[in-house]
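Visitor: I have a few questions about how the labels here are assigned. Could you walk me through them?
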Amino acid sequence: MSTEPAPTAILPEEPAAAPTDATGEAPEPPATPQDADGAPRPSARPLTAALLNLSGLGLGYLHLRAWLRLVVALAATGGLAWVALPIGREPIAVWWALGYLGALGLFALDAALLARRRARRETPRRTVWTPRAAGRIAWATLAVVPLLGTAYVVTQHEVLEQHLAYDLAQAEESLDSAGTAFGAFRKTYDAAYTTYVETAEEHPGTRAADRVPGLIDDLYAQAKGERECNALTAVRHFALPDTPGPLRAVAQGELSGALHDCGMEFVEEGELSAAERPLAELMTDHASSDPAAALPDDLAAWRDGLIERLASKKGCTGTATVTDSTSFLAGFDSGKISELADKARAEVPAGLLKCAVRQFKAEDLLDAQANLDAVLDAYPRAKEAGYAGRLQIATGIALRDPKAGVKLPPLKEPEGTVTLTVHNYSPNKVEMVYTGPATGVITLDACDDCTYYAKGDRPECVGYSLTVPSETVTIPAGDYITATRHDGVIYDWEDGNLGRESFTVDGGFCTWSSKR
């Protein structure tokens with residue numbers, strides 16, 4: 001029979017003897033990183049590492065001793081500095097700033113993840129600062145990026161202000177050299193105005209933009225200058241549809257007034273032909289404006305002033321304007337203005353005649369003749385035209401010989417007592433003018449059967465003839481001065497002298513032409 005062995009009790013094994021060092025003592029287990037006070041130093045906190053990286057200086061990577069990542073973070077900050085510096089008149093593009101902020105966000109996230117991975121290890125890696133010191137540094141440096149960004153914005157704004165101030169100063173200097181002759185310096189004014197407008201529109205929040213309205217006012221005032229027609233040139237230019245900025249509306253509102261003022265400036269200066277264009281434009285294109293409504297009264301006052309000056313003793317200057325005033329006023333399509341010509345037709349001839357009489361007495365014969373010509377040419381139907389014609393003859397004869405003693409013809413011719421028949425033995429038409437007790441002209445047709453006489457010869461004046469043209473007048477007896485007139489101009493007779501005749505009884509007088 002078999003027998004089973006008796007169970008044996010299993011005793012626990014003795015623990016293995018701990019390894020010993022050379023001295024026979026067990027060594028200390030590996031130590032955790034410790035602070036200076038001997039307390040264990042835990043791993044870097046993810047939030048702290050992330051906040052440190054938001055400074056833009058890569059402090060999170062520095063704290064974690066991630067040297068390659070630190071270089072990348074510093075390179076990103078250096079790249080932004082390279083783009084942003086030196087600070088110019090315009091800020092860097094927004095996408096540069098947004099890209100950099102995005103990079104900081106990525107660096108912060110990466111630092112947080114890196115710190116978390118290291119914290120999970122049994123043996124954390126050593127960090128530069130203690131958690132407490134790192135936290136303090138993180139919160140302290142968190143303001144670096146906002147502060148630097150604010151400093152950049154403020155500095156960049158001041159740099160921009162300096163550039164804008166320089167631009168405005170340059171524009172002002174160019175206007176100082178331009179003067180007020182707008183037409184000749186139009187490009188200079190346009191360039192300065194463009195600078196002002198662009199400054200205000202592109203940089204509305206700057207101190208330079210605050211100066212722009214005053215500078216534009218100064219530019220506009222200088223462009224218009226002191227003369228109204230120079231102002232019209234400037235206003236018309238800035239009123240164009242393609243003019244930028246505020247001056248377009250201002251100039252368009254002032255255009256009708258500028259047309260009125262320029263036209264009246266020409267009118268007052270006697271340049272009526274030049275005044276026609278702006279005033280006609282005013283009445284045509286701006287008929288409903290206040291300046292257009294005021295124009296008839298302004299022209300009426302001007303016309304009345306001309307007439308009053310003519311009536312005064314010293315009113316014989318600028319009579320050419322007075323002469324032209326009638327046709328000038330009558331040329332407007334506006335009935336209110338054209339009606340103003342009626343008073344001029346009624347009163348201007350009398351004023352011109354008075355001037356001519358005064359000038360004749362003062363022996364200012366050329367001016368007297370000019371005013372008499374004006375009466376006869378511009379107002380041939382005026383009641384003053386008859387006497388003006390006679391005074392014109394006397395003035396023309398006096399001009400041929402100022403010592404001839406020509407007298408002012410009487411306003412009313414005396415009764416005729418002598419019958420005078422003038423015969424024309426010339427193959428040319430002849431106008432014989434005379435002055436003395438009476439003044440007038442005798443017009444004779446050409447003699448078809450007559451020829452030129454040799455110099456020194458004369459025809460035999462035999463009286464009435466069927467072939468010799470003649471004209472008979474009745475004049476007061478007395479001494480007369482005679483001459484000939486061609487195309488309105490009085491000349492001496494062919495012997496180079498005025499004729500001096502005494503007509504006391506009925507008789508005849510002959511004219512002829514000699515060979516030249």
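Visitor: Which residues do ring pairs link into a cluster?
Guide: Ring pairs join F182, Y189, Y193, Y220 and F238 into a cluster. Rings of Phe, Tyr and Trp (its six-membered ring) pair if their centres lie within 6.5 Å; planes under 30 degrees apart are stacked, over 60 edge-to-face, and the rest tilted. The count by this rule is ten aromatic pairs. A word on the background: this is a predicted model, where local features need pLDDT of at least 70 and side-chain atom pairs count only at pLDDT 80 or more, while totals for chains, interfaces and linings use all residues. Residues are numbered from 1 along each chain as its sequence is written, and side-chain values use heavy atoms, with hydrogens and water left out.

Visitor: Why is the pair of Y193 and F238 called edge-to-face?
Guide: The ring centres of Y193 and F238 are 5.6 Å apart and the planes stand at 70°, so the pair is edge-to-face. Y193 sits in helix α7 (residues 186-202) and F238 in helix α9, so the pair ties together parts 45 residues apart in sequence. Helices (H or I, at least four residues) and strands (E, at least two) are DSSP runs, numbered from the N terminus.

Visitor: And what makes the pair of Y480 and F503 tilted?
Guide: Here the centres are 5.7 Å apart and the planes are at 45°, so the pair of Y480 and F503 counts as tilted. Y480 belongs to strand β5 (residues 478-486) and F503 to strand β7 (residues 499-503), 23 residues apart.

Visitor: How do you know that Y480 is buried?
Guide: Buried means under 20% relative accessible area, exposed over 50%, and partly exposed in between (1.4 Å probe, protein chains only). Y480 has 1% relative accessibility, so Y480 counts as buried. F503, with a relative accessible area of 8%, is buried too.

Visitor: What makes C461 and C510 a disulfide?
Guide: A disulfide is a pair of cysteine sulfur atoms within 2.5 Å, and C461 and C510 are 1.6 Å apart, S to S. C461 lies in the loop between β3 (440-444) and β4 (470-475), and C510 in strand β8 (residues 507-511), 49 residues apart. C461, at 39% relative accessibility, counts as partly exposed, whereas C510 is buried at 10%.

Visitor: Why is the disulfide of C229 and C262 called right-handed?
Guide: The torsion about the S-S bond of C229 and C262 is about 100°, so the disulfide is right-handed. Both C229 and C262 are buried.
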